[in-house]
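Thanks for coming. I have one structure to go through this morning, so please look at the screen.

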Amino acid sequence: MSVERGGLRLRALKLWIPLGAFMVFTLFPFYWMAVTSIKPNSELYNRKIMPMIVYHPTLKHYVDLLTETNFLVWTWNTFLVAVVSTAISLVFGTMLAYPLARMKFAGSALISFAVAATYLVPQPLLFIPLADIINQLHLGDTLTSVMLTYPTLLVPFCAWLLMGYFRSVPVELEDAARIDGATRLQTIFKVFLPLCVPGFISAGIFAFTLSQNEFLYALIFLTQTDVRTVPVGAIAELVKGDVFYWGQLMAAALLGSVPVAVIYSFFVEHYVAGLTAGAVKQ
Amino acid sequence: MFSWLMVGPPILFLCALVGYPFLYGILLSLEDRPVAHAGTFVGLANFVADAHDPVFWRVTINTFVYTFFATILKMIGGLGLALVMNQDFRAKNLIRALMLLPFIVPTVLSTIAWMWMLDPGFSVINWLLRYFGLANPGPSWLGSPILAMISLIIVNVWRGLPFYGITLLAGLPTSSPDLSEAATIDGAGTWHRFIYVTLPLLKPVIFIVTMFSIIFTFADFQLVYVLTRGGPANATHLFATYAFDIAMGGGQLGMGASVALAMLPPLALIIIAMSIYMKPNKS
């Protein structure tokens, strides 16, 4: 009996207490987002009452957000841009990854080095010249500007992740198809690519969440309300001067996070596989 | 031939939108270039001006302090999280999925929540401090230079820790059970086992994740832009936000580009080292 209790205590000490602390730290901001978004202003700005719970929940902030701002337009823009950028990135990523994974050719080492280096170049190194280039191309305030630039962040990553995945697919299947008389393109489309669907899902989920997350290019290129994405719209239009509409801001933060969170929840395993592929698959 | 036909289009795309802007940025940094005007070549004058700008040096120190402390804390916290999660418990997959939320959710949106948590008038953290009698009325988190930097570091750690933890966790189970069992039989204590068995096995993973983290913390923009805009009194400006202010706020593209390029030397070292290390022909 006492042994068991000692074991329980040890388990609490080694597992539940630290895990609980991590979870509170990680999840409290989301709880706070949700609670704030359904509080009436009379509770939001009342320092006398206990703030952890809601006394009179209201959906007013959500209604205001959806009717008085362009939130739905921003959501649609964000989604459209993410889908297009992800599609471009997967196609280009595959075009880079397949030859690098499957064929030996002059310059392949240089290309894989360049892809890795491009992957690691952070945006702040490029945003000023890019802003000027986008201006000169008259692409400012168009969704095209971000659809063109987001893939620059995503293609190297997708290529790199897919390269690892492609290598894990046995080459014998393709050899067999070639011997049976299939052309190289037929082999790729009918034999190879269907085997790589999990790799595409991993890369796609990653690219999709990264596009939803992007802020700097969107902030600079998109200055009109009808082309903005959710993060830029929320920062630029829900904060008016020094006045913060906290209820609406939290509603926007929560609603803006939902699409990513839902898609992520369907593909957690793929996402984690993608996340760890870079570091672990050495 | 076929290979080049395939890699050609994406390579051209990356050259046009990464390679060319990169070179164009170097050219801009050598020009006096107000926005919407033609530039004039000024050689290294922008960099000389940076070197005489006290704010530039403040920004340099800020960036290194921010990167150093955020990375160390993420490393220690992430390692802790990985070790805690590496035990068997119920609903492990669900908890792992929840833990990754800060990393998934768009940074700007979660940072807005943090801004509200750190609000000078209605901070819930200060409410807790008052409730437990630790402080009254509680500090102004984003109002004083040191506290603002600490707040930024905490939010950065909050966002980046799951990435560390889950990546290290993925490195753990494949490696440790047999080895640490053997070590236990040989009489090694928990601490020794951790230092001599677990840590060396994790070393390559820790290296990669840390390099990633350094690069993207060093070049961080979003957190600072949302939480402090570099204030109070430039105490939290990083290279990226300062370059943004000069180029987009002040319209001085040349000066802005020179500040952004100041990030390049330390980043280049890391990027080249990592690109060589990541060369994927090892399997």
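A nonpolar core, as I use the term, is a set of buried Ala, Val, Leu, Ile, Met, Phe, Trp, Tyr and Cys residues joined through C-beta atoms within 7 Å. Buried means that 20 or more other C-beta atoms lie within 10 Å of the residue's own, exposed means 12 or fewer, and partly exposed is in between, with C-beta atoms placed from the backbone.

Two notes on the source. This is a predicted model, where local features need pLDDT of at least 70, side-chain atom pairs count only at pLDDT 80 or more, and totals for chains, interfaces and linings use all residues. Residues are numbered from 1 along each chain as its sequence is written, while chains are lettered from A and ligands numbered from 1 in the order in which they are written.

Now the core. The largest one has 151 residues, and those with the most contacts inside it include C158(A), A253(A) and F239(B). Helix α7 of chain A, residues 143–168, gives the largest share of this core, 15 residues; helices here are DSSP runs of H or I, at least four residues, numbered from the N terminus. Leaving out residues up to four places away in sequence, C158(A) touches S89(A), L90(A), G93(A), A203(A) and A207(A), contact being C-beta atoms, placed from the backbone, within 7 Å.

Next, the interface. Chain A contributes 74 residues and chain B 76. On the chain A side, helix α1 (residues 2–37) supplies the largest share, 12 residues.

Last, G138(B). This glycine sits in the loop between α7 (124–131) and α8 (145–185) of chain B. G138(B) counts as partly exposed because it has 15 C-beta neighbours inside 10 Å.

How values were computed:
Contact = placed C-beta atoms within 7 Å. Helix = DSSP H or I, 4+ residues; strand = E, 2+ residues; numbered from the N terminus.
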